[in-house]
Amino acid sequence: MTTEATIAPPSTKSQVLRSFDVAEFPALNGLEEEWRFTPLKRLRELVRATALTGTAPQVEHGDLPAGVSVRSVEKVDPVLTPFDRVSALAFGSAAGVTLIEVAPEAEPEQAVVIRLVGKGGEAAAGRTFVKVGAFAKVTLVLEQTGTTTLADNIEVVVGDSAQLTFVTVADWDADAVQAQHVKLRIGKDARAVHVQVALGGDLVRQFTSVEYTGRGGDAELWGLYFADAGQHFEHRQLVDHSVPDCRSYVGYRGALQGVSAQTVWVGDVLIRAAATGTDTYEINRNLILTDGAVAHSVPNLEIETGEIVGAGHASATGRFDEEQLFYLMARGIPEGEARKLVVRGFFAELLNKIPVEELRERLGDAIEARLAETGA
Amino acid sequence: MSTLEIRDLQVSVKLPEGDLKPILAGVDLTVKSGETHAIMGPNGSGKSTLAYSIAGHPKYEITGGTVTLDGDNVLDMTVDERARAGLFLAMQYPVEVPGVSVANFLRTAKTAIDGEAPKLRTWAGDLRKAMEKLQMDPAFAQRNVNEGFSGGEKKRHEIMQLELLKPKMAILDETDSGLDIDALRVVSEGVNRVRETGDTGLLLITHYTRILRYIKPDFVHVFVAGKIVQEGGPELAEQLEAEGYERYVGARV
């Protein structure tokens, strides 16, 4: 048995260790600040492995509009330097890169839908790179289904003055495990709206980081999750404001039901000394539908300059509002239906961020079906 | 023709610690279709407790007595069953329901009350007319239920529901509170339209006599310390207007 010296946590988020080499990261023991809520055993090989050899989920898509291409390439210069072990493991093991490119000034009318379908097998690594050219305006949907044990990185570069709506849906089979890092690099006067949906899988842990490369960048991170009995969904963000006059908004909402349903939200926003004129707000709300479910919610703001437009955070976790139920039931609406209305209403603002009606409806229906399962 | 019968109703409020605090000390009241009753009393006399316990709010526990609607035991019913049986409560502080539009809410409620979805052909028109009658902007239908509504808008929305859902018995809890004179007039006109149908029994709960200048009650009940202490016709309201509740409250002490 070896005893390891306790590694002092970095005093600021900007000092976190970054490396492409998995060996540079200490082995995970679950006591690390970044991993303390994650049931490591359920991450399977992703915890201890130094290389992953399984087959990454298969990339599928229909006809692509003009100006949009999807192809498999060997190499792309990274915009993410991993800052946790699993992310570095994914980098080192990924066999290639799925490169999704949107040409400068392209404005496809229809959303581009790409599916990643897990076919099971050994633990795998994946890498996706999204490159949105300057002045392009596009909606990208990434649907993740099937079964897998996956560590993957998604790097997204939003060119100057481009506008990207990026919807990712993790609706894996019940036995799937995923640890994912999504990195958004926002150009000058560019705008990214990221909607991250987690519904299916045994354990899904998604870390989203944001950086800006020019003034006027705007990032909105929206999250929607619904954890059933036994599911662990974890969402962490690091929004790094190092450039003046940029904006960020983080809004995550989750519902939980059933024994040992667990969700984690940790929102870190860092405003560096140079980032004057920053405007940021982060909020997490959780709705606990039954006994036995646990929601962790931790907002963190680190501010190195006072010259900002605004910075705030909020977190609220609660049970069903009895007064809302009473009001609806007093109008004759049966309890089950009243609960559905309240939950759908709770998620409505987030669903409305998804500019694809078919997907919006499907997710709304999936949420209602979840409620029907337990009769909650 | 419907009858709401309240007999010797005793109700306690459940305190957070689990204790029960008695509020209603034996209330007797009979309301029939087409009748308008005013329940008047000082603050804290238990008027709202009467309203909410009849509607079935979980905060209250019935410790004695009966409430029947056309002979059916209301107290055995869940909140939604009471509403479907024909009871309606216009609330003093209507609750916000984020993410649920007024149009969706009303259609869901109407479907539940009638037992079938309203005809698509006529529903939109009915809704528009109901909103016009209460001078509500059509854009209201797309707003979230009670979210960001002014006090007056909330009350108009309550009365619009009263008109759309057509209950057998309606309890209006302090509908006049917080209304300016124009809003009070609009809301009162809505209540009077319901009254004129003769199909609904109305129970107006109020502290002030102001609303009774617009909605003339057939019967007035003075409510003090959890029970009715005096009953009469509209003249009793005028007497209260002049004298206030001091006489009753004083007599109690």
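Student: Which residues is Ala134(A) in contact with, leaving aside its neighbours within four places in sequence?

Tutor: Ala134(A) is in contact with Pro104(A), Gly159(A), Asp160(A), Ser161(A) and Ala162(A). Two residues are in contact if their C-beta atoms, placed from the backbone, lie within 7 Å. Bear in mind that this is a predicted model, where local features need pLDDT of at least 70, side-chain atom pairs count only at pLDDT 80 or more, and totals for chains, interfaces and linings use all residues. Residues are numbered from 1 along each chain as its sequence is written, while chains are lettered from A and ligands numbered from 1 in the order in which they are written.

Student: Where is the place of Ala134(A) in chain A?

Tutor: Ala134(A) lies in the loop between E5 and strand E6 (137-147) of chain A. Helices (H or I, at least four residues) and strands (E, at least two) are DSSP runs, numbered from the N terminus.

Student: Why does Ala134(A) count as partly exposed?

Tutor: Ala134(A) has 16 C-beta neighbours inside 10 Å, so it counts as partly exposed. A residue is buried if 20 or more other C-beta atoms lie within 10 Å of its own, exposed if 12 or fewer, and partly exposed in between, with C-beta atoms placed from the backbone.

Student: OK, and what about helix H2 of chain A, how many of its 9 residues are buried?

Tutor: In helix H2 (residues 85-93) of chain A, 8 of the 9 residues are buried. Among them are Arg85(A), Leu89(A) and Phe91(A). The cover over the buried residues of H2(A) includes helix H1 (45-48), strand E5 (124-132), strand E7 (149-158) and strand E9 (177-186) of chain A.

Student: What pLDDT does chain A average?

Tutor: Chain A averages a pLDDT of 94, and 96% of its residues score at least 70. Over residues 1-9 of chain A, though, the pLDDT is below 50, and that stretch has 2 contacts in the model beyond near neighbours in sequence. The pLDDT is the predictor's confidence in each residue, from 0 to 100.

Student: Zooming out, how many helices and strands are there in chain A?

Tutor: Chain A holds 5 helices and 18 strands. Buried residues make up 46% of its 376 residues. Of the contacts in chain A with a separation of 6 or more, 85% are accounted for by residues 24 or more positions apart.

Student: And chain B, how many helices and strands does it have?

Tutor: Chain B has 8 helices and 12 strands. Of its 253 residues, 43% count as buried.

Student: How many residues of chain B are in contact with chain A?

Tutor: 20 residues of chain B are in contact with 21 residues of chain A. Helix H2 (79-85), strand E7 (97-101), helix H3 (102-114) and helix H5 (151-165) of chain B each supply at least two residues of that side of chain B.

Student: Let's switch to H6(B). Which of its residues are buried?

Tutor: The buried residues of H6(B) are Leu184(B), Val187(B), Ser188(B), Gly190(B), Val191(B), Val194(B) and Arg195(B). They cover an arc of only 155 degrees around the axis, so they sit on the same side of H6(B). That arc is the one of the directions from the helix axis to the C-beta atoms.

Student: What is exposed on the other side of H6(B)?

Tutor: Asp182(B), Glu196(B) and Thr197(B) are exposed there, on the other side of H6(B).

Student: And what follows H6(B)?

Tutor: Gly198(B) follows H6(B), and the phi of Gly198(B) is positive, near 75 degrees.
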